Amino acid sequence: MQNLTITGQSIYSSFKTSKTNDRIPIYFTGNASLSLYNPQRDAENFVKAQKISAQTGMIVIAGIANGFHVRKIAETFPTAKIICIEANRESLAFLQVEKLISEEILCNPKIQFCTLTDFSQVLKNNYFPALDGDFCFAPLLSWTMAANKFLGKNDSSWLYNLTNGTIKDISRDYAVQARFGKIWNKNILQNLYCISQNPELYVSPKESKDFSGNTAAIIGAGPSLTKPLLSHLAEYKDFYAVFATDTAFPTLMNAGIKPDFVVSIDAQQISVQHFIGQDCSNIVLAFDLCAATGLVQYAAKKGAFLLPFSSGHPMISFLNTKFHENNGSDLCMTCSAGAGTVLHAATDLANQLGFRKIHIFGADFAYHHGKTYTSGTYIDSSAFNTSSKLNTAENFFSSLFYRAPLQIVQNKTFLSCAQNTQEPETEKLYSTDVLLSYGIEFTEFVRKLQSKGSEISFMNQHNLKSPDGAKKITFRKKASEDITGRIEKLFSDYTVCLENPESADRSLLFSYLPFIAWAKHSNSNADNQMSKETLVKKLKQFKVGFYEC
């Protein structure tokens, strides 16, 4: 999001009394914010000019002035949530100190106030398309003109870019929820059931150790994970605590490197292909509770430990909170997955477990030497097993390489294991918009960890170095404090809530936001607004019961 240069002064300088005896704020430019003749009619015209329908559940108003137009919007659309933007805190303070905004507006629970600086985050925290319906942006024209001069802008494009950029982020989230909402919920329930049936394999957050003296190796499946790096990892496998992303797991096993942790976040059942035929015994499978159930069940059957975590799904957060209320401890730990990359989750998992020395391998966010992935992943076997004269393996890999428009990486704004100064200048890195965005976000995350004292290195064949200290990672199989009974009680309490519509408060509705997005997307005739009773009915149809999932 763009940075705005905002002064410590208010956008308002004074106020004047209109012909209707109303006080009207005056901008620092000397212009009035509303009509000095009939501001009430001005407010009515403002509402008529907006494209607001019965399905609009979130209205953003830029410019508060004395709030006449805000009050008229609230009266006309009483069910909609309203966010009012002001230039800065000084401008808000001026309106409140001079009592230019009525208590009726200030005390309305549907209306929230913010500044340009925190607007984007406030909107993301409060606008949920699945629950709130359509969005409307309603700027006060006089305010936008004053704000342009206040911020030194030539036109109002900055304001629309700020709003549209935030809505784009929210829409991207909503699109993913609409696609995966149902399978996420189903995976969460079935993964918890799998844990309850294998209590001796469950690793709770409080059983996790402090590994601050060890070195963690985070292994991505990027094309820079070549034989020299695999040889280095094999040589020091007794010194590294190895965290493999699920795609890199078979590559490591083929190189004789059995990782200590395998991390997975993908909800799609095809993820189990990473594990089929591999020795999973005594490996710690660290998985987002949304991850593919088939993978978790397969790993448990083969003797892997189960370390669940949450990467932010609201249902997991809700269940984790309820579990803590019942037992005084968390059901699972919380790990950031950024925009949804398993490498990000693996790195944060190592950080959460106390590792402060981290070497990262195969984190490229780019195509290197014409390759999309390292050799030895299940993608290789899939390509060659299905290869034919009419559909060759080369065609398969070309489709992967060109599945999105490519661009040469010019501005290296993110770190990459594939990037180093010793490569010939003719060697080019190709990437896509999505991969670049992942790389930038991951690099920012790494820099935050480094600012807190972590030593993190992106490894390639030219900067390999030995890890410090021998690893000490042991987990014993044991019944983990009756986790079976605790999960059964958790779901019993949860389903009781769903049986009673009156108990479906906002925290419960929020936990099912992705499911609601899926339900609305899958039914083209569904109303944009979904009542509490309708939601509960849909949840019952989904059969969220503990043994019915």
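Predicted model: local features only at pLDDT ≥ 70, side-chain atom pairs only at ≥ 80, totals over all residues.

Q: How many helices and strands are in the chain?
A: The chain has 20 helices and 16 strands. Those are DSSP runs numbered from the N terminus, with helices being H or I of at least four residues and strands E of at least two.

Q: What share of the residues count as buried?
A: 52% of the 549 residues. Buried means under 20% relative accessible area, exposed means over 50%, and partly exposed is in between (1.4 Å probe, protein chains only).

Q: And what about contacts between residues 24 or more positions apart?
A: They account for 71% of the contacts in the chain with a separation of 6 or more. Contact means heavy atoms within 4.5 Å.

Q: OK, cores. Which residues have the most contacts inside the largest nonpolar core?
A: Leu192, Ile195, Ile219, Leu233, Leu285, Leu306 and Phe361, in a core of 67 residues. The largest share of this core, eight residues, comes from H8. A second, separate core has 54 residues, including Ile85, Leu95, Ile105 and Trp143. A nonpolar core here is a set of buried Ala, Val, Leu, Ile, Met, Phe, Trp, Tyr and Cys residues joined through side-chain atoms within 4.5 Å.

Q: What does isoleucine 219 touch?
A: Not counting residues up to four places away in sequence, isoleucine 219 touches Leu225, Leu233, Val242, Phe243, Ala244, Thr245, Ala248, Leu252, Leu343 and Phe361.

Q: Back to H8. How does H8 pack with H11?
A: H8 (residues 157–197) and H11 (residues 293–301) pack at an angle of about 10 degrees, with their axes 9 Å apart. That makes H8 roughly parallel to H11. Axes are lines fitted to C-alpha atoms, for helices over the stretch in contact, and angles run from 0 to 180 degrees between N-to-C directions. Angles under 35 degrees count as roughly parallel, over 145 as roughly antiparallel, 65 to 115 as roughly perpendicular and the rest as oblique.

Q: Which residues make that contact?
A: From H8 there are Lys186, Asn187, Gln190, Asn191 and Cys194, and from H11 Thr293, Val296, Gln297 and Ala300. They divide into three nonpolar, five polar and one charged. By class, Ala, Val, Leu, Ile, Met, Phe, Trp, Tyr, Cys and Pro are nonpolar, Asp, Glu, Lys and Arg are charged, and the others, Gly among them, are polar.

Q: And H8 with H12? What's the angle there?
A: About 35 degrees, with the axes of H8 and H12 (residues 314–327) 10 Å apart. Asn185, Ile188, Leu189 and Leu192 of H8 meet Met315, Ile316 and Leu319 of H12. This contact has six nonpolar, one polar and no charged residues.

Q: Which residues of H5 meet H8?
A: Phe119, Ser120, Leu123 and Lys124 in H5, which meet Leu162, Thr163, Thr166, Ile167, Asp169 and Ile170 in H8. The contact has five nonpolar, three polar and two charged residues. The axes of H5 (residues 119–126) and H8 come within 10 Å and cross at roughly 35 degrees.

Q: Switching to H2: which residues are buried there?
A: In H2 (residues 68–76), Phe68, His69, Val70, Ile73 and Ala74 are buried. Their cover includes helix H1 (39–48), strand E3 (56–62), strand E4 (81–86), helix H4 (103–106) and strand E5 (111–115).

Q: Is lysine 48 buried or exposed?
A: Lysine 48 counts as exposed because its relative accessibility is 68%. Lysine 48 is found in H1.

Q: Which residue has a positive phi of about 55 degrees?
A: Lysine 99, although it is not a glycine. Lysine 99 lies in the loop between H3 (89–97) and H4, and is exposed, with a relative accessible area of 67%.

Q: And where is asparagine 282?
A: Asparagine 282 sits in the loop between E9 (261–264) and E10 (284–288). Its phi is near 65 degrees, a positive value in a residue other than glycine.

Conventions
Residues numbered from 1 in each chain as written. Heavy atoms only, no water.
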